[in-house]
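Hi there,

Here is the structure I promised to pass along. Have a look, and then read on for what turned up in it.

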Amino acid sequence: MVRLSLLPRIVAALLLMVCSTSSIAATLSAAVFDSDGAPVADAVIFIVNGNAPPAPAPATMVQRDQSFAPHVLAVSVGTTVEFPNEDPFRHHVYSFSPAKRFELKLYGGDDVQQVVFDTPGEIALGCNIHDDMLGYIYVVDSAHFAVTGADGTAIIDGLADNETYEAQVWHPRLRGPTRRTSQDVNASAPARFEIGLKRDRRGQDGSEFEEGVY
Amino acid sequence: MFKSFQTKLALFFTALFLLLQGAAFFTVQEAIVQNIFDQSRDQLVAANRIFADRIQTRVAALSEGAQILASDFGFRTAVATSDKPTILSALDNLGARISADRVLLINLDYKVVADTQNPDAGQIEFPFYDLIDRAEVEDRAEAFTTLNDVIYEMVVVPVLAPVPIAYVAIGIEIDSGFAEDLRRQSTLPLDVTFVTGGSSTRWTPAVSTLPAGAQTDLPDALARVSLESVGADVPVTLTLAGSDYVTLVQPLQTPDGSDGVSTILQYSLDLALVPYQPLFVVLAALAIIALAVALVGSIAIARGVSKPIRTLDEAARRIQAGSYEDKVTVSQGDEIGRLGETFNQMMDGIAEREARIEHQSLHDAATGLPNRTYFERQLNESVGDSKESPLTVLLVEIGRVSEINYTLGHETGEDLIRIIGQRLASMVKKSDMVARHSSTMFSILMPGAAAADVRPIVDRILASFEDAVPVAGIQLDVTAAIGEACYPDHGTDARTLLQRADTAIYEAKASSRLFATYDPDADPHKPERLTMMGELRKGLDNGEFKFFYQPKVDIAAEKITHVEALVRWIHPTRGFMPPDDFIPLAEQTGNIQKLTEWALNAAISQARLWLNADIDIIIAINLSARDLTNRKLPEQIQHLLDRYSVDASRIVLEITESAIMDDRDNAMAVLTALSKMGHTLSIDDYGTGYSSMAYLKALPVQEIKIDKSFVLKLASNKEDEILVRSTIDLGHNLGLKVVAEGVEDQESLDILRKYGCETGQGYFISKPVPPEDIETFYRESRWSPNKDTQTPPESESHSA
């Protein structure tokens, strides 16, 4: 899990470097908690009314150990995402999500698979061979976004000082049909988000089945 | 109702037996039913588990099939692309493969996208959200649901891509086949019913193996079942269409939005009892046989008790009726048998006591002879038995008893009576009866004896009294008078016969034989005589009675000194009534007292009149035997003497011998009193009785009056002359004056004078005359004390 949580930070650092070229200086520190006050990882935070997204840089969704890494990948509109297979066997990655329906039929480590995500929204990734594999790519139409780490925090750069923005949080298990929630934020102060989560279907976040009815 | 002991006892035992049998029968039945109930509960609970297992297995199979479909990439593609025809065909295919009745595809908005039963329907909402929600989290959810009024066993699985993009719901209809299937799998012949509804709504059977009638009753029966027993493996008993069912209600898992669904597992007790039917038949047969035995037995026992009781009852009735001869025969050796013996002893005791009491009541204690009551009863019976044959009753009156009682004491008197009774009893035949009739009388009943047959016995009895009776060392002289009455001549019943015999005793006492047969002509109780007595009393009041006075003269001085008062009754219709016609009658009927009262009053008042007129004549009055028994007589006379201021010496009282002899005790007392008062007492009709001179001496008398039968022919009869002469001498020797009555001629008077007789009376001197004539006689006749010799009046042939 440590390795998994490192990757978004690297991506975020890269983005930060890209953004630093602009005149925007302020940084928003945001944290997401669930209704029990526990930090929520893999939540995507993005600013709705910030600057227009810059030219997208490629991103990577690795298949490793029969899972997607990272579990949640946030990209801006038009980003090309590579799907490198690091496992010694093949995968058959697919998405039936409306934002991007695609199918990467049985490929191995030698094949480079690329998919361009040009519609904002969530894309649930699965593998036709390995039912347990689940990952998400969330496409945002924003220049400012980040994914929370295991401690539930994320840093969003390039914001103007003392300006209030509408920030949205998306999480695969967030209650509601859009799985998103919105909140005004100001970079001068750390933002705190509290979201209600549905139970995890498969305990991927370490939580147990709360009840077994039958 | 139920009067007899026998019925009561039989009824009691039968009722008791029925009660016990009924209790036993129902206890057994209850135990069997309870046993069946317990057994069937276990069976039902077991069946319920089997049923649950079976459902699990089916659900597993269904969900497996569904998951296979849901993870099919082609199907997922079809779902993702909303390719409805492909989806429907895939669902149909799945349904056919796993024998599902209905397969649905539901999208994330809970809308039914495809329905194998309604392929062309638009999107309708899937009502069971929680099934979807559960399936989302748990990859599978199953429940029983009602959809379009059909019960489905339903499994929902998500279509994952890889997150849920839709849900597949597979339903298997719960139909009668399923119920039958369950029923077959049970070891018991269970009935399986699936009902919809539940706690708040009415239970509605959807599928059932129950008979139609039982199905109809089921909802109401279930409505009464306590909710606590529902689903708690606690069976209840329901009555459906008249049959009892052990019932287990098991609610099934249903989602929100569905009606409740429950399984009803039932076991018919009727069916369960079928194997026990022979047992019940045997029990019932035993009960009937035992009841019959109990009935017969109790009747037999009751008979054993009630028959001797009836016997005793009859015996008691016999005792009540006074019959003690028939003994009770109770052969039992038990208490009742002993009671029978006691009864017999009681009967003996009662008979003995009754005989004793009867004997006492019918016998005289002193003599041991039958008493008057017994005698009268016997006499009446004999009269009834005798028909035409004659029968004689004798009454024997013993004289001098009161005299003996007076002088020697009552004990001696009773001893005497007893001895006489024994003597009488020894003199009659065995078939005759001697009874004590009164203190001085015995009665003798001689059945079959005519008057002539009785004579010798009467003679023997009378002869026996000629000898003295030895009592306590003393020889006692007693007399007896016997009166006789014969059936049927003198009466036809005891009372009449005894009364007539009693009447005859009067006659007997007056006769020399001391025996008389009843003479109707002499009976004072004859109606015409009784009438005469009534007239006598009336006559006394009406002044029909008069005294005529016959002068008595001093023979030596030839002067009148006394008169004898002789009663005359001038009856208004019969004319002159001779004293002999009514005086004995008056004595016998008790009217003499009234006559005496009149006589004393008339004579004493006359004495006063003559004293007033200066006529010195002493009046003699006759007293009857009855007068001498009246102890108040001296007092009465004294009263009159005082009233008229007449000295007792001016009244002479004449008494017959027999009057004194009748009741010597009283007569003696009365005569002594009268003598003391100063009266001269004179024995009338001397010579006709039996009294000895010695006896007369003991009496306070001063005078005897020779009966006229000796005087009338004195002049012509030498024997009479001797008798008269010796009587005069005797009287004089005893210091008594002598009066001769019936002096009819001068010769007789001369003879009397010659022998020294003091006083003479007779027709030669004067017939009885009214008192005014006495005055004339006193003053003017030759017997007047005032004149010397006068010619006597012409003699008459009548006697006074």
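How many bridges join strand S8 (residues 91–97) of chain A to S9(A)? Six, and the two strands run antiparallel. One of the pairs is A:His91 with A:Tyr107 in S9(A). Strands here are DSSP E runs of at least two residues, and helices are H or I runs of at least four, numbered from the N terminus; two strands pair if DSSP finds at least two bridges between them.

Before going further: this is a predicted model, where local features need pLDDT of at least 70 and side-chain atom pairs count only at pLDDT 80 or more, while totals for chains, interfaces and linings use all residues. Residues are numbered from 1 along each chain as its sequence is written, with chains lettered from A and ligands numbered from 1 in the order in which they are written.

Both strands belong to an open, mixed sheet of five in chain A, ordered S6-S12-S11-S8-S9. S6 (72–76) and S9 (100–107) of chain A are at the edges with a single partner strand each, so one side of each has no neighbour in the sheet.

In chain B, helices H19 (residues 633–644) and H21 (residues 664–677) pack at about 25°, their axes 9 Å apart (axes are lines fitted to C-alpha atoms, for helices over the stretch in contact; angles run from 0 to 180 degrees between N-to-C directions). H19(B) and H21(B) are therefore roughly parallel, the word for angles under 35 degrees.

Happy browsing!

Notes
Parallel < 35°, antiparallel > 145°, perpendicular 65-115°, else oblique.
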